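Hi,

I'm passing a structure on to you, with my notes below it. Have a look at it first, and then read on.

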Amino acid sequence: MTQHLTLDGGTLAYDLAGDTGPLVVLAHGMGDSRAAYRFVAPLLVAAGHRVATVDLRGHGESSTGWPEHTRTAIAGDLVALIRHLGGPAVLVGHSISGGAATIAAATAPELVTALVELTPFTRAQEFSLRDLAHPAYRRGVLALLGMAAFGSTGSWLRYLELAYPGPRPADWDARQAEIAAMLREPGRMKALRAMGQGSPADAGAQLANVTCPVLVVQGELDPDWVSPRAEGEAVVADLPAGLGRLAVVAGAGHYPHVQFPERVVELVLEFLAATRA
C-alpha cells in the first residue's frame, strides 16, 4: 500500500514491507520509480529486513512542482524519510540517488549505518572527445542529451535500451510503457530534465565526509562510462581510507539491480554481514 510523507515543497510516495529487522531504504535513479526495486525488495524482506522503496521528488506517485532537483535536495528527502520511519537505515541509491545517498550519509551520519551506491553519479564527470570513440558511450550520451535538451521521452527510452545490455527482465515491454506513461504526466519530464542537467559536484564534495562503510556496485557494461570499473575505483578512492569497496557485476549495464537482482542482493547481504562483523 502506497504511503505518503509530506515535506516542505511536496509529498513523497513510498512503500514499506517487512515487519521487523534492520531498515533498508531503496532510492531509484532519475526517470524511474520505486518499481525499479520490484525484484530486489522482496529478496531483502525475505532476508529479514524492513524495506522502504521511495519515489524521488517529481517521479512515480510523488508530487511534482518541487523547487529544485539537486542531489542535495534529494538527500534531504531521504534523510527525512529515514527519520520518519524511525531509522537508522542502510541507504541504497542508484545513479543520481547514489550521489544523494552519499550526501545523506555525510550530513546525517546518525541515520545511515551503511551505504550502497549502485552505478552512482557521485563525482563531477570529466569529458574527453576521445571518449566518443566508444560506440556505446557515444550513443548513450546522445540519447541523454536529447532528453535533457528537448524533453524527449523517445530519447529517454532509447537511452534505456542502451543501458540494459544483455538480459532484460520478463516485464521489459510493460515497464517501458509504464515509464513512458509516467513521463507524459504533467511535471514529470520537467523533473527528469532538471535532474539530467544537474551536476554531481555536491555529492563528490561530500565523499570525504562519509563515516559509514560503503559498497559501490558497477555494471561491467554500463554505457555511462568508458570504464565503469575505473569510475567505481575513483569513488572508492575519494572516500576515507578503508571505508569503501567495489563490486563489478559481470554482464550488467546501468541497472544491475534489475538485470541481476539475486547477484546484487547477494553482494549487499555479504557487505552488511561483513559490516556487522
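Which helix does Ser 155 lie in? Ser 155 is part of helix α5, residues 153-163. Before I go further, the ground rules: this is a predicted model, in which local features need pLDDT of at least 70 and side-chain atom pairs count only at pLDDT 80 or more, while totals for chains, interfaces and linings use all residues. Residues are numbered from 1 along each chain as its sequence is written, and side-chain values use heavy atoms, with hydrogens and water left out. Helices (H or I, at least four residues) and strands (E, at least two) are DSSP runs, numbered from the N terminus.

Ser 155 is buried, at a relative accessible area of 6%. Here buried means under 20% relative accessible area, exposed over 50%, and partly exposed in between (1.4 Å probe, protein chains only). Leaving aside residues up to four places away in sequence, Ser 155 touches Ala 143, Gly 146 and Met 147; contact means heavy atoms within 4.5 Å.

The buried residues of α5 are Thr 153, Ser 155, Trp 156, Tyr 159, Leu 160 and Ala 163. They cover an arc of only 160° around the axis, which puts them on the same side of α5. That arc is taken over the directions from the helix axis to the C-beta atoms. The partners of these buried residues are α4, α6 (172-184), α7 and α10 (256-259).

**Two helix pairs**

α5 packs with α6 at an angle of about 150°, and their axes are 10 Å apart. Axes are lines fitted to C-alpha atoms, for helices over the stretch in contact, and angles run from 0 to 180 degrees between N-to-C directions. The two helices are therefore roughly antiparallel to each other: under 35 degrees counts as roughly parallel, over 145 as roughly antiparallel, 65 to 115 as roughly perpendicular and the rest as oblique. From α5, the contact uses Thr 153, Trp 156, Leu 157, Leu 160 and Glu 161, and from α6 it uses Trp 172, Gln 176, Ile 179, Ala 180 and Leu 183. These divide into seven nonpolar, two polar and one charged. In this scheme Ala, Val, Leu, Ile, Met, Phe, Trp, Tyr, Cys and Pro count as nonpolar, Asp, Glu, Lys and Arg as charged, and the others, Gly among them, as polar.

Helix α4 (residues 135-150) and helix α7 (residues 188-197) pack at about 120°, with axes 8 Å apart, and are therefore oblique to each other. Met 147, Ala 148, Ala 149 and Phe 150 of α4 meet Met 189, Leu 192, Arg 193, Gly 196 and Gln 197 of α7. That contact divides into six nonpolar, two polar and one charged.

His 94 lies in strand β5 (residues 89-94) and is buried, with a relative accessible area of 1%. Among the residues that His 94 touches are His 28, Tyr 37, Thr 119, His 254 and His 257. Pro 120 is 26 residues from His 94 in sequence, yet 5.8 Å from it in space, C-alpha to C-alpha.

Most residues other than glycine have a negative phi, and most peptide bonds are trans. Ser 95, not a glycine, has a positive phi of about 55°, and Thr 119 has a positive phi near 35°. Thr 119 counts as buried at 0% relative accessibility. The peptide bond from Gly 87 to Pro 88 is cis, with omega near 15°.

Best wishes
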